[in-house]
Amino acid sequence: MENAVQEIVAKQVLTVAKAVEDKLDEEIHALDRLDLDDLEVLRERRLQQMKKMAEKRNRWISLGHGEYSEIQAEKDFFSVVKASDRVVCHFYRENWPCKVMDKHLSILAKQHIETRFVKINAEKAPYLAEKLRIVVLPTLALIKNAKVDNYLVGFDELGGTDEFSTEELEERLAKADVIIFEGESSKFLSKSKAQSKKSVRQSSNPDSSDSE
(Lines give C-alpha, C1' and ligand atoms only; values in the text may rest on other atoms or scores of the structure.)
Protein backbone atom coordinates (compact mmCIF):
# COMPACT_ATOMS: atom_id res chain seq x y z
CA MET A 1 0.00 0.00 0.00
CA GLU A 2 2.80 2.35 0.96
CA ASN A 3 4.59 1.64 -2.30
CA ALA A 4 1.45 2.44 -4.28
CA VAL A 5 1.08 5.78 -2.50
CA GLN A 6 4.72 6.59 -3.22
CA GLU A 7 4.21 5.77 -6.89
CA ILE A 8 1.16 8.02 -7.05
CA VAL A 9 3.02 10.87 -5.35
CA ALA A 10 6.00 10.36 -7.65
CA LYS A 11 3.74 10.48 -10.70
CA GLN A 12 2.08 13.64 -9.42
CA VAL A 13 5.46 15.24 -8.81
CA LEU A 14 6.56 14.29 -12.31
CA THR A 15 3.31 15.62 -13.75
CA VAL A 16 3.68 18.92 -11.90
CA ALA A 17 7.34 19.15 -12.89
CA LYS A 18 6.44 18.48 -16.52
CA ALA A 19 3.72 21.12 -16.39
CA VAL A 20 6.13 23.65 -14.87
CA GLU A 21 8.75 22.77 -17.46
CA ASP A 22 6.24 23.15 -20.28
CA LYS A 23 5.11 26.47 -18.86
CA LEU A 24 8.69 27.69 -18.61
CA ASP A 25 9.40 26.53 -22.17
CA GLU A 26 6.33 28.41 -23.36
CA GLU A 27 7.38 31.58 -21.54
CA ILE A 28 10.95 31.32 -22.84
CA HIS A 29 9.64 30.83 -26.36
CA ALA A 30 7.36 33.84 -25.91
CA LEU A 31 10.31 35.91 -24.70
CA ASP A 32 12.42 34.75 -27.62
CA ARG A 33 9.64 35.65 -30.02
CA LEU A 34 9.23 39.06 -28.37
CA ASP A 35 12.96 39.73 -28.66
CA LEU A 36 12.92 38.86 -32.33
CA ASP A 37 9.93 41.09 -32.90
CA ASP A 38 11.65 43.92 -31.06
CA LEU A 39 14.80 43.42 -33.10
CA GLU A 40 12.75 43.45 -36.29
CA VAL A 41 11.07 46.69 -35.24
CA LEU A 42 14.44 48.25 -34.43
CA ARG A 43 15.87 46.96 -37.70
CA GLU A 44 12.98 48.42 -39.69
CA ARG A 45 13.29 51.73 -37.85
CA ARG A 46 17.02 51.83 -38.55
CA LEU A 47 16.44 51.04 -42.23
CA GLN A 48 13.95 53.90 -42.46
CA GLN A 49 16.44 56.25 -40.80
CA MET A 50 19.16 55.17 -43.22
CA LYS A 51 16.79 55.65 -46.15
CA LYS A 52 15.90 59.16 -45.01
CA MET A 53 19.57 60.02 -44.50
CA ALA A 54 20.41 58.71 -47.96
CA GLU A 55 17.65 60.86 -49.42
CA LYS A 56 19.00 63.87 -47.54
CA ARG A 57 22.53 63.21 -48.75
CA ASN A 58 21.37 62.90 -52.34
CA ARG A 59 19.46 66.16 -52.07
CA TRP A 60 22.42 67.94 -50.46
CA ILE A 61 24.78 66.69 -53.16
CA SER A 62 22.39 67.84 -55.88
CA LEU A 63 22.52 71.32 -54.32
CA GLY A 64 26.32 71.40 -54.33
CA HIS A 65 26.99 70.29 -50.76
CA GLY A 66 30.24 68.43 -50.16
CA GLU A 67 32.20 70.88 -52.28
CA TYR A 68 33.55 74.37 -51.68
CA SER A 69 32.35 76.39 -54.64
CA GLU A 70 32.27 80.01 -55.75
CA ILE A 71 29.17 82.09 -56.40
CA GLN A 72 30.02 83.85 -59.64
CA ALA A 73 27.08 86.26 -59.89
CA GLU A 74 25.89 88.40 -57.00
CA LYS A 75 22.23 87.61 -57.72
CA ASP A 76 22.90 83.86 -57.34
CA PHE A 77 23.65 84.37 -53.64
CA PHE A 78 19.95 84.54 -52.83
CA SER A 79 19.00 81.30 -54.58
CA VAL A 80 21.91 79.51 -52.87
CA VAL A 81 20.94 80.54 -49.34
CA LYS A 82 17.26 79.77 -49.96
CA ALA A 83 17.98 76.27 -51.24
CA SER A 84 19.95 75.05 -48.18
CA ASP A 85 19.10 75.24 -44.48
CA ARG A 86 22.70 75.94 -43.49
CA VAL A 87 25.21 77.93 -45.53
CA VAL A 88 28.71 79.22 -44.76
CA CYS A 89 29.55 82.02 -47.19
CA HIS A 90 33.10 83.36 -47.34
CA PHE A 91 33.34 86.97 -48.49
CA TYR A 92 36.85 87.24 -49.82
CA ARG A 93 39.33 89.15 -51.92
CA GLU A 94 42.59 88.03 -53.50
CA ASN A 95 44.84 88.16 -50.44
CA TRP A 96 46.72 85.73 -48.23
CA PRO A 97 44.32 85.61 -45.25
CA CYS A 98 41.44 84.72 -47.57
CA LYS A 99 43.52 81.96 -49.17
CA VAL A 100 44.20 80.53 -45.72
CA MET A 101 40.46 80.54 -45.00
CA ASP A 102 39.80 78.90 -48.38
CA LYS A 103 41.95 75.90 -47.50
CA HIS A 104 40.21 75.29 -44.19
CA LEU A 105 36.75 75.65 -45.73
CA SER A 106 37.65 73.23 -48.53
CA ILE A 107 38.37 70.60 -45.88
CA LEU A 108 35.22 71.29 -43.86
CA ALA A 109 32.99 71.26 -46.93
CA LYS A 110 33.87 67.59 -47.44
CA GLN A 111 33.48 66.71 -43.76
CA HIS A 112 30.13 68.46 -43.25
CA ILE A 113 27.91 67.60 -46.18
CA GLU A 114 24.89 68.88 -44.24
CA THR A 115 26.10 72.45 -44.82
CA ARG A 116 26.70 74.33 -48.07
CA PHE A 117 30.13 76.01 -48.21
CA VAL A 118 30.53 78.81 -50.75
CA LYS A 119 32.56 81.93 -51.36
CA ILE A 120 31.94 85.19 -53.18
CA ASN A 121 34.34 87.94 -54.19
CA ALA A 122 33.31 90.92 -52.07
CA GLU A 123 34.73 93.39 -54.57
CA LYS A 124 32.43 91.96 -57.25
CA ALA A 125 29.41 91.97 -54.94
CA PRO A 126 29.14 95.59 -53.75
CA TYR A 127 25.40 95.39 -53.05
CA LEU A 128 25.77 92.36 -50.78
CA ALA A 129 28.86 93.75 -49.09
CA GLU A 130 27.01 96.93 -48.22
CA LYS A 131 23.75 95.22 -47.26
CA LEU A 132 25.53 92.73 -44.98
CA ARG A 133 28.03 95.34 -43.74
CA ILE A 134 31.06 93.37 -44.88
CA VAL A 135 34.16 95.45 -44.12
CA VAL A 136 36.97 93.18 -42.93
CA LEU A 137 38.07 90.34 -45.18
CA PRO A 138 37.89 87.47 -44.80
CA THR A 139 34.40 87.43 -43.30
CA LEU A 140 32.24 84.34 -43.01
CA ALA A 141 28.49 84.90 -43.10
CA LEU A 142 26.86 82.04 -41.17
CA ILE A 143 23.42 81.58 -42.65
CA LYS A 144 20.53 79.50 -41.32
CA ASN A 145 17.12 79.25 -42.97
CA ALA A 146 18.01 81.93 -45.53
CA LYS A 147 18.97 84.49 -42.85
CA VAL A 148 22.42 85.61 -41.74
CA ASP A 149 22.54 84.42 -38.15
CA ASN A 150 26.15 85.18 -37.26
CA TYR A 151 29.49 86.37 -38.62
CA LEU A 152 33.08 85.30 -38.23
CA VAL A 153 35.17 88.38 -38.98
CA GLY A 154 38.86 88.02 -39.69
CA PHE A 155 40.90 85.75 -37.41
CA ASP A 156 40.23 87.45 -34.07
CA GLU A 157 38.09 84.55 -32.79
CA LEU A 158 40.63 82.04 -34.06
CA GLY A 159 43.57 83.22 -32.01
CA GLY A 160 44.29 86.35 -34.05
CA THR A 161 46.70 84.46 -36.31
CA ASP A 162 46.59 82.63 -39.63
CA GLU A 163 48.16 79.63 -37.87
CA PHE A 164 44.79 78.44 -36.54
CA SER A 165 43.76 74.81 -37.18
CA THR A 166 40.85 73.48 -39.16
CA GLU A 167 39.51 72.02 -35.92
CA GLU A 168 39.40 75.45 -34.29
CA LEU A 169 37.40 76.86 -37.18
CA GLU A 170 35.15 73.79 -37.07
CA GLU A 171 34.49 74.34 -33.37
CA ARG A 172 33.57 77.97 -33.97
CA LEU A 173 31.10 76.98 -36.69
CA ALA A 174 29.64 74.29 -34.45
CA LYS A 175 29.02 76.81 -31.68
CA ALA A 176 27.04 78.86 -34.20
CA ASP A 177 25.01 75.72 -35.05
CA VAL A 178 25.76 76.13 -38.73
CA ILE A 179 27.27 72.64 -38.90
CA ILE A 180 25.98 69.45 -37.32
CA PHE A 181 28.03 66.75 -35.66
CA GLU A 182 26.96 63.17 -36.33
CA GLY A 183 29.06 60.29 -35.12
CA GLU A 184 32.70 60.99 -35.82
CA SER A 185 32.17 63.61 -38.52
CA SER A 186 33.96 66.15 -36.37
CA LYS A 187 37.66 65.60 -35.94
CA PHE A 188 37.97 68.15 -33.19
CA LEU A 189 35.64 66.13 -30.92
CA SER A 190 38.12 63.28 -30.80
CA LYS A 191 41.28 65.32 -30.55
CA SER A 192 42.69 67.16 -27.61
CA LYS A 193 43.31 70.84 -27.94
CA ALA A 194 46.68 70.11 -26.36
CA GLN A 195 47.79 68.66 -29.67
CA SER A 196 49.99 70.83 -31.79
CA LYS A 197 48.07 73.00 -34.24
CA LYS A 198 48.01 71.97 -37.85
CA SER A 199 48.54 74.88 -40.13
CA VAL A 200 47.57 74.95 -43.78
CA ARG A 201 50.10 77.69 -44.31
CA GLN A 202 52.51 76.68 -47.06
CA SER A 203 54.69 79.76 -47.16
CA SER A 204 55.28 82.82 -45.04
CA ASN A 205 53.31 85.97 -45.90
CA PRO A 206 53.32 89.19 -43.88
CA ASP A 207 49.77 90.20 -44.90
CA SER A 208 47.01 90.09 -42.30
CA SER A 209 43.25 90.58 -42.43
CA ASP A 210 42.46 93.86 -44.14
CA SER A 211 39.46 96.01 -44.92
CA GLU A 212 37.89 96.78 -48.22
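Student: How many disulfides does the count come to?

Tutor: The model is a predicted one, and in it the count comes to 0 disulfides. A disulfide is a covalent bond between the sulfur atoms of two cysteines. Cysteine 89 is buried, because its relative accessible area is 0%, under the 20% cut-off. Cysteine 98 has a relative accessible area of 1%, so this residue is buried as well.

Helix α2 comes next. This helix runs over residues 76–83, and Phe77, Val80 and Val81 are buried in it. These residues lie on the same side of α2, because they cover an arc of only 90 degrees around the axis. An α-helix has 3.6 residues a turn, so residues three or four places apart point the same way. The cover over the buried residues of α2 includes the strands β2 (86–92), β3 (116–121) and β5 (139–144), together with helix α4 (126–131).

Arginine 172 belongs to helix α5, residues 166–175. With a relative accessible area of 12%, this arginine is buried, because the cut-off is 20%. Beyond its neighbours within four places in sequence, arginine 172 is in contact with Leu142, Asn150, Tyr151, Leu152, Glu157 and Leu158.

Helix α1, residues 2–62, holds isoleucine 28. Isoleucine 28 has a relative accessible area of 46%, so it is partly exposed. Together with Val20 and Leu24, Ile28 forms a nonpolar patch on the surface, and the accessible area of the three together is about 260 Å².

Conventions. Residues are numbered from 1 along each chain as its sequence is written. This is a predicted model: local features need pLDDT of at least 70, side-chain atom pairs count only at pLDDT 80 or more; totals for chains, interfaces and linings use all residues. Side-chain values use heavy atoms; hydrogens and water are left out. Helices (H or I, at least four residues) and strands (E, at least two) are DSSP runs, numbered from the N terminus. Buried means under 20% relative accessible area, exposed over 50%, partly exposed in between (1.4 Å probe, protein chains only). Contact means heavy atoms within 4.5 Å. Patches are made of residues with over 30% relative accessible area and no salt bridge: like charges are joined within 9 Å, nonpolar side chains (Val, Leu, Ile, Met, Phe, Trp, Tyr) within 5 Å. Accessible areas come from the Shrake-Rupley method with a 1.4 Å probe; for residues, only the protein chains shown count as cover. A salt bridge is a side-chain nitrogen of Lys or Arg within 4 Å of a carboxyl oxygen of Asp or Glu. The arc is that of the directions from the helix axis to the C-beta atoms. A disulfide is a pair of cysteine sulfur atoms within 2.5 Å.
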